[in-house]
Each structure stands twice: as structure tokens, then as C-alpha cells.
Number of protein chains: 2
Amino acid sequence: MTGVTASDGPGASARGDGATRRRGRPRRTESGGTRDRILDAAREEFSSRGYEKTTVRGIARSAGVDSALVHHYFGTKEQVFEAAVEVAFAPAFTARDKVLEGPLDEVGERMTRMIIGLWESPVTRAPLLAIVRSAVNNETAAGVFRRLIAGQLLRRIAGRLDLPDAELRAELAAAQLVGIAMVRYVIKVEPLASADAEQIIRRVAPVVQGHLTGR
Amino acid sequence: MTGVTASDGPGASARGDGATRRRGRPRRTESGGTRDRILDAAREEFSSRGYEKTTVRGIARSAGVDSALVHHYFGTKEQVFEAAVEVAFAPAFTARDKVLEGPLDEVGERMTRMIIGLWESPVTRAPLLAIVRSAVNNETAAGVFRRLIAGQLLRRIAGRLDLPDAELRAELAAAQLVGIAMVRYVIKVEPLASADAEQIIRRVAPVVQGHLTGR
């Protein structure tokens, strides 16, 4: 039953999307407990140490299993990282589906609210910060981040725009929001760091909308 | 004569701006050679290792001097970092003065061209990337970056706007450009990573202008 519950959870679509990469490996339903324990340990290790300093051996130790089992379930360190990032991004993927629904002339506000919302919540901010740190420091981690952001988020938003330069538009919109996250939550420059979230959304949503559907 | 030439160089204004912090320490003109050698070694060490892994001892070794001399000229590791970052930012400070001059209704384009220009040039991109990495990873390095970005760049641009929320406006504009830098040059998401710089400027300059002087 654990498997059923889990595949109804917010991470399900993310894991489903990435399933092709894990052909031939045991499915979540077969031994969800161990797999989940490894994944929790991996998220914890990558969050606190960053990509470079995390080892498969350390993840295995923290999960109380043998390293071989980590490799068996996930493959390489890069693949464990990708699985851990997918779980951390699960709330974003759920939120993304809400961004894609609804009228196109408000997609900018929905996208802005989604990203600001993920960074405002301490629960999602910590893993996001860990992913950004890893991606900035390490080319492999940047690659994972890039595939996920481009494939799962930007390409889908671009798909709704029906414009020839839709992907570039989606990325320029994302760049505005990535920059807000960097200045407000990572580098913490005032007055943006302490500004009211609604004030920021009010100013930024029209800009994001402009990138997506403007002239 | 070295000292005179150096204080006419692009780093002069940056060092002049920060001079109050180095009261009582030997001036550049007194022993510019050693000080410059230490600063070059510091930039190299911080660039290749990042803030956390760099040590004053390592900088001293690389400059061929005693650690005490590094402390004598600059103070703590944080202060050496600040001096090194100021030198790396010198081209930005020179460019900033050009951004501040000229008509206000084109300040968005000048600011966009300045930031894209700094990231497009391999000479300035490498130290910028090193600073971003250090700032994302380390709270002390983030503080140095914050003081410099806010004090030297954003507050000056805000000063030209003559609007009550000028600082927030300058930061939202900067956030758009920081985001472009992250997506294009650090994480390298396509198609933005390979897009023509002029195409990006054409799309982004009006947005930056809007943040700075719009409704």
C-alpha cells in the first residue's frame, strides 16, 4: 500500500516523467521502504554537503545500507542526485500544472506566484538553495538542473505559448524570477530581501507576462 | 611610478571608494609592488578555490611573502577577499560611470549592455563567476558581494532615478540581469545560452528600463 499512496503523492508525476531512465531497476512498489530511505538520505547529504562533497558511500552509511544497494536502485552519484532533485522539485511540478491551466493572459502572475511561493516557504527554500549551490559549483549538477528546469518546466510553459520564440521567452521570464531568487533569498540584498512578497509579485508579474506573451 | 600608473588605472576608483576601510595601512604608493603581488595571488586563489577553501597562508605562499605581510596590508581573509573583489569589479565600476551619464530614458539599455558586456568577455567572466560561486556558497563572501553591489552599483543607479522606491527599482532591474547571467552563463540553459547577445539586449533592455523608470 505504501507504493500506491506514494504514487498518488506530489512526487509521483516527477518520478513518472523520469521513469525511462530507470529501466530494469526495481520499481518503487517492489521495495519502496529501502528506496525511499536511500532517497531521504541522499537529499539530506546533498543538501548539507553539496554535490561535490557528497559520496554514494556517505549516502549508503546514512541510510544504513550497503553502497551496492544505492547503485542498484539509482546508478551513479549523478543519477542519485537527479532522483533527489526530482523529489525536491515535486512541489514545483505540481505547481507548474496549475500555472499551465487557466487563462494565458494571467500566466505571468501564476508563474511569478509559483516561484516566489516556493522560495517563501522554508520547506521548499532549503532544498532549492541546496540545488542552486550545487549547480553553481559543479558542472554535472548544473547539467541535472538544466535538464530538469528546461525539460520539465520551461519547455512545458513554452508549449502553451504557441509562438515561434516561445522557449526563449519562457527562459527570459524564468531569468527574471531566478534573479529575484538570487538577489532576495541567496545574496539577500536590501531592500529587496525584506520587501513584501505581494509588492514584488505586483511589480514582477507584468514583466514575466510581457516576456511570455508581449509584443 | 608604478603606484601613479596604477592609481590612474581602472581599479583606482574602486580602491578609492573603499579606502576608508584601510585607514592606517600602507598606501599603494608606498609599496605598490608587494601589495599588488599579494592582490594578484589573492585573486588567483579565490578564483580557483573559492572563498571557503582559500587561506591567507595559501595566498602568502603563492605571492612569495610571509602571511604576516598579507595581514599587514589587508587585514583578515574577508578583507583580502573584499580587496580582490574590488579589483575584479573595477571594469564594472568604470562601466557604471558610463551608465550613470547620458539620458535617463536610455539608462536601461546602458545598464543591460554593461552587464551583458562584462559576462560576454572571457576576461571579466571568469572573476565574476568566481565571485558568484563564492557568494552563493559562503555567507561572509555573500556579505562582501552584497555591500559592493548595493553600495557601489545599485545605490548609485538609484540615486539618478529621483523616485521614492528607486532602490527597489534598481534591484528588480539588477535581478533581471543577474537571472540572465545565471541562466545563460552559469547554468547554460538553451536556447538562451547560445542566443545572440544583441537579441537578448533588444528584449531585456526595455524590461530593465521599465523597472527603473516605468509607471
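This is a predicted model: local features need pLDDT of at least 70, side-chain atom pairs count only at pLDDT 80 or more; totals for chains, interfaces and linings use all residues.

I take helices (H or I, at least four residues) and strands (E, at least two) as DSSP runs, numbered from the N terminus. Residues are numbered from 1 along each chain as its sequence is written, chains are lettered from A and ligands numbered from 1 in the order in which they are written, and side-chain values use heavy atoms, with hydrogens and water left out.

I started with phi. Most residues other than glycine have a negative phi, and most peptide bonds are trans. D162(B) has a positive phi of about 60 degrees without being a glycine. I find D162(B) in the loop between α9 (139-161) and α10 of chain B. Buried or exposed, D162(B)? It is exposed, at a relative accessible area of 72% (buried is under 20%, exposed over 50%, partly exposed in between; 1.4 Å probe, protein chains only).

K188(A), also not a glycine, has a positive phi of about 60 degrees. K188(A) sits in the loop between α10 and α11 of chain A and is partly exposed at 39%.

Next, cis peptides. I noted one joining E190(A) and P191(A), with omega about 10 degrees; P191(A) is in the loop between α10 (166-186) and α11 (197-213) of chain A. In chain B, a cis bond joins E190(B) and P191(B), omega again about 10 degrees.

**The interface**

How many residues of chain B are in contact with chain A? I get 38, against 38 residues of chain A, with contact meaning heavy atoms within 4.5 Å. The two chains bury about 3,700 Å² between them, 63% of it on carbon and sulfur atoms; buried area is the accessible area (1.4 Å probe) that two parts lose on being put together, summed over both. V136(B), I187(B) and R203(B) supply 19% of what chain B buries against chain A, more than any other three residues.

I looked for salt bridges (a side-chain nitrogen of Lys or Arg within 4 Å of a carboxyl oxygen of Asp or Glu) and the rule finds 4 across the interface. One pairs D165(B) with R203(A) at 2.1 Å, N to O. On the side of chain B that touches chain A, α8 (122-137), α9, α10 and α11 each supply at least two residues. The largest share, 13 residues, comes from α10(B).
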